Amino acid sequence: MILDRRQLRHLIRTRPSVLVGAAIVGVTLILAAIGPSIAPFDPRTAIPGEQLKSPGFVHLMGTDDNGMDVFSRVIASPQTDLTIAILGTFGAIAAGIPLGLVAGYYRGFVSELLMRLSDIVQSFPVFILGMALVVVTGQEIRNVVYVVAVVNCPIYVRLIRGQVLFLRERPFIEAARAIGGRDSWIIREHILANAIGPVMANASVTIGWAILLTAGLSFIGAGVRVPTPEWGSMIAVGAKNVYTGEWWPSVFPGLALAFTVLGFALLGEALVHLADRTRR
């Protein structure tokens, strides 16, 4: 999906929210790269005698009940959350694309089996399925990545299958068959090349959703463990202090999580719009 200047100007004019989304995503990516190194305090280490300090000049967002600087942990968390979300999303894409190509191009037992397996995975509530998979595989970051990939894979299987079902009957595919093109060549050079745009556009939305899933799993204690900086676990640690008036340990990571998911959603909506050629 190539975006020229004319399309970019039209997109910004008709959907100015894409600038907000792009700015939020850009800041999140920068923090994922350098956040821990620019944090004023070690985001994994508690500071003795500094428990539940309110926001101020030294601790911009205060400290939690363990004595860890909230600001340092907030800006370090994208490295964990975004890594899990990106790896999990592209794992889902890497598995979903070939499965979707097979399910859409070929008809018969294999195609039906793939779709029924997708139905089974999607029949479970996503959060419950993710929690169960983490419990079975173990509470490690790599296992959370696998969980994100598994629960999102059926989305891309169905997305690719839908594109393939539309493309496989098009005249240029019939022409490719008529000149003796093999199925593998037709799928690789013609169908995949035309079906990949919506997948890449949908990836931004999935990344935002995966960040939310990761935070949710960590919030209930089934995801990333403390003291690794992660927004969901920070919200969980600080939630109990809200009742006593110490709101900052949970509110600041909650706001960071909300704005990040919003940014990826806004950017993803614009990319999906661009990928739909009938709406340009």
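This is a predicted model: local features need pLDDT of at least 70, side-chain atom pairs count only at pLDDT 80 or more; totals for chains, interfaces and linings use all residues.
Helix 9 gives the most to the lining of the largest cavity, with three residues. Helix 9 spans residues 231-239, and helix 3 spans residues 70-105. Each of these two helices supplies at least two residues of the cavity lining. By class, four of the lining residues are nonpolar, one is polar and two are charged. The volume of this largest cavity is about 50 Å³. Across the whole structure, the search returns one cavity of 30 Å³ or more.

Helix 2, helix 3 and helix 10 each supply at least two residues of the lining. Helix 10 covers residues 248-275. The largest share, five residues, comes from helix 10. Twelve lining residues of the second largest pocket are nonpolar and two are polar. No charged residue takes part in the lining of this pocket.

The overall fold is considered next. The protein contains ten helices and zero strands. Along the sequence, the pattern reads α-α-α-α-α-α-α-α-α-α. The C-alpha atoms fill a box of roughly 75 × 45 × 30 Å, taken along the principal axes.

The axes of helix 3 and helix 8 come within 7 Å. These two axes cross at roughly 145°. The crossing of helix 3 with helix 8 is right-handed. The residues of this contact divide into 21 nonpolar, three polar and two charged.

Helix 6 also packs on helix 8. The angle between helix 6 and helix 8 is about 155°, and their axes are 9 Å apart. Helix 6 is therefore roughly antiparallel to helix 8, the cut-off for that class being an angle over 145 degrees. The crossing of helix 6 and helix 8 is right-handed. In the contact of helix 6 with helix 8, 19 residues are nonpolar and six are polar.

Helix 4 runs over residues 109-123, and helix 6 over residues 141-167. The two pack at an angle of about 135°, with their axes 9 Å apart. Helix 4 and helix 6 are therefore oblique to each other. The crossing of helix 4 and helix 6 is left-handed. On the side of helix 4, the contact is made by Ser111, Met115, Ser118, Asp119, Val121 and Gln122. On the side of helix 6, the contact is made by Val150, Pro154, Ile155, Val157, Arg158 and Arg161. Six residues of this contact are nonpolar, three are polar and three are charged.

Two backbone features fall in loops. Most residues other than glycine have a negative phi, and most peptide bonds are trans. Leu52 has a phi near 55°, a positive value in a residue other than glycine. Leu52 is placed in the loop between helix 2, residues 17-38, and helix 3. A cis peptide bond joins Val226 and Pro227. The omega of this bond is about 15°. Pro227 belongs to the loop between helix 8, residues 183-219, and helix 9.

Note on methods:
Residues are numbered from 1 along each chain as its sequence is written. Side-chain values use heavy atoms; hydrogens and water are left out. Axes are lines fitted to C-alpha atoms, for helices over the stretch in contact, and angles run from 0 to 180 degrees between N-to-C directions. Helices (H or I, at least four residues) and strands (E, at least two) are DSSP runs, numbered from the N terminus. Angles under 35 degrees count as roughly parallel, over 145 as roughly antiparallel, 65 to 115 as roughly perpendicular and the rest as oblique. A crossing is left-handed if the near helix is turned anticlockwise from the far one by less than a right angle, and right-handed if clockwise. Contact means heavy atoms within 4.5 Å. Ala, Val, Leu, Ile, Met, Phe, Trp, Tyr, Cys and Pro count as nonpolar, Asp, Glu, Lys and Arg as charged, and the others, Gly among them, as polar. On a 1 Å grid over the protein atoms alone, a cavity is a set of points where a 1.4 Å probe fits but cannot get out, and a pocket is an open set with protein on both sides within 12 Å along at least five of seven lines; lining residues have an atom within 4 Å of a point. Grid points are joined across faces, edges and corners, and a volume is the space filled by probe spheres set on the points.
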